[in-house]
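Keep the sequence and the model open while reading.

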Amino acid sequence: MEDMFRVGVIANTHGVRGEVKVFPTTDDPLRYKKLKEVLLDTKEGYRKLEIASTRFFKNLVIVKFKGIDNINDIEKYKGHDLYVTRENAVPLEEGEYYLADIIDATVVTEEGETFGRLKDVLETGANLVFVVDHEGKEVLLPVIPDCVKEVNATDGIVTVHIMEGLL
């Protein structure tokens, strides 16, 4: 299980007072309103940053961190990732799971036969798509009720129905 989840990438600076433009990598960018701290991947380790303020501009979040009041203090972190710990992640509802928790899950058919291993999850406009390594080839499975029957993140098992035309 992952202990940290990426919630954004510092895209650029904003002004000269240390604000940054963050490209959110979370499914709900409005979560930044409630977020109190993030971990900045400095490439040499993680630095805890307290969020002083946030506002939204187009598809970006403008973030001001406490103690960073100058563009020179933050400019070197352009392109770096921002993370939250599992404890600070958005709480899950019944039946929900974090995508990071099912990567490398075993994918089985409804008949109980091992189909492959879940390699990645693609986010499309319509639905998620599971990328499954099946006999050395990538198979794309849409995450829709007709195809993905059950996801058990605790045991690392995804049960699927292989629809006609997917192989």
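Glu19 counts as buried because its relative accessibility is 15%; buried means under 20% relative accessible area, exposed over 50%, and partly exposed in between, with a 1.4 Å probe and protein chains only. Glu19 forms a salt bridge with Arg55, with the closest N and O atoms 2.6 Å apart. The model is predicted, so local features need pLDDT of at least 70 and side-chain atom pairs count only at pLDDT 80 or more, while totals for chains, interfaces and linings use all residues. Residues are numbered from 1 along each chain as its sequence is written, and side-chain values use heavy atoms, with hydrogens and water left out.

**Overall layout**

- Read from the N terminus, the order of elements is β-β-β-β-β-α-β-β-β-β-β-β-β.
- Along the principal axes, the C-alpha atoms fill a box of roughly 60 × 30 × 30 Å.
- Of the 167 residues in the chain, 38% count as buried.
- The chain exposes about 10,200 Å², and carbon and sulfur atoms supply 47% of that area; accessible areas come from the Shrake-Rupley method with a 1.4 Å probe, and for residues only the protein chains shown count as cover.
- Among contacts between residues at least 6 apart in sequence, 49% join residues at least 24 apart; a contact means heavy atoms within 4.5 Å.

**Charges and salt bridges**

- The chain carries 21 positive and 31 negative charges, and their mean positions are 13 Å apart.
- Lys and Arg count as positive and Asp and Glu as negative, while His and the chain ends are not counted; the place of a charge is taken as NZ of Lys, CZ of Arg, CG of Asp or CD of Glu.
- Side chains of opposite charge can pair when their charged atoms come close.
- A search of the whole structure finds seven salt bridges, each being a side-chain nitrogen of Lys or Arg within 4 Å of a carboxyl oxygen of Asp or Glu.
- In the pair Glu19 and Arg55, Glu19 lies in strand S2 and Arg55 in strand S4 (residues 46–57), so the pair ties together parts that are 36 residues apart in sequence.
- Arg55 is partly exposed, with a relative accessible area of 39%, whereas Glu19 is buried.
- Glu50 and Lys66 meet through their side chains in a salt bridge of 3.1 Å, N to O.
- This pair links distant parts of the chain, with Glu50 in strand S4 and Lys66 in the loop between strand S5 (60–65) and helix H1 (71–74), 16 residues apart.
- Glu50 counts as partly exposed at 42% relative accessibility, and Lys66 counts as partly exposed at 47%.
- A salt bridge also joins the side chains of Lys64 and Asp69, at 2.8 Å, N to O.
- Lys64 is buried, with a relative accessible area of 16%, whereas Asp69 is exposed at 53%.

- Asp41 is in strand S3 (residues 37–41).
- Asp41 is buried but has no salt bridge; the nearest side chain of opposite charge, that of Lys43, is 4.3 Å away.
- The side chain of Asp41 does reach the backbone nitrogen of Lys43, at 3.0 Å.
- Not counting residues up to four places away in sequence, Asp41 touches Tyr46, His80, Asp81 and Tyr83.

**Other single residues**

- Leu35 sits in the loop between strand S2 (19–24) and S3 and is buried, with a relative accessible area of 9%.
- Beyond its neighbours within four places in sequence, Leu35 is in contact with Val7, Ile51, Val84 and Asn88.
- Leu35 and Gly136 are 101 residues apart in sequence and, C-alpha to C-alpha, 41 Å apart in space.
- Thr109 lies in strand S7 (residues 106–109) and counts as buried at 11% relative accessibility.
- Setting aside neighbours within four places in sequence, Thr109 contacts Phe115, Thr159, Val160 and Ile162.
- Ala11 belongs to strand S1 (residues 4–14) and is partly exposed, with a relative accessible area of 41%.
- Ala11 and Ala153 are 142 residues apart in sequence and 32 Å apart in space, C-alpha to C-alpha.

Technical notes: Helix = DSSP H or I, 4+ residues; strand = E, 2+ residues; numbered from the N terminus. Polar contact = N/O pair within 3.5 Å; in protein donor to acceptor, adjacent residues only side chain to side chain.
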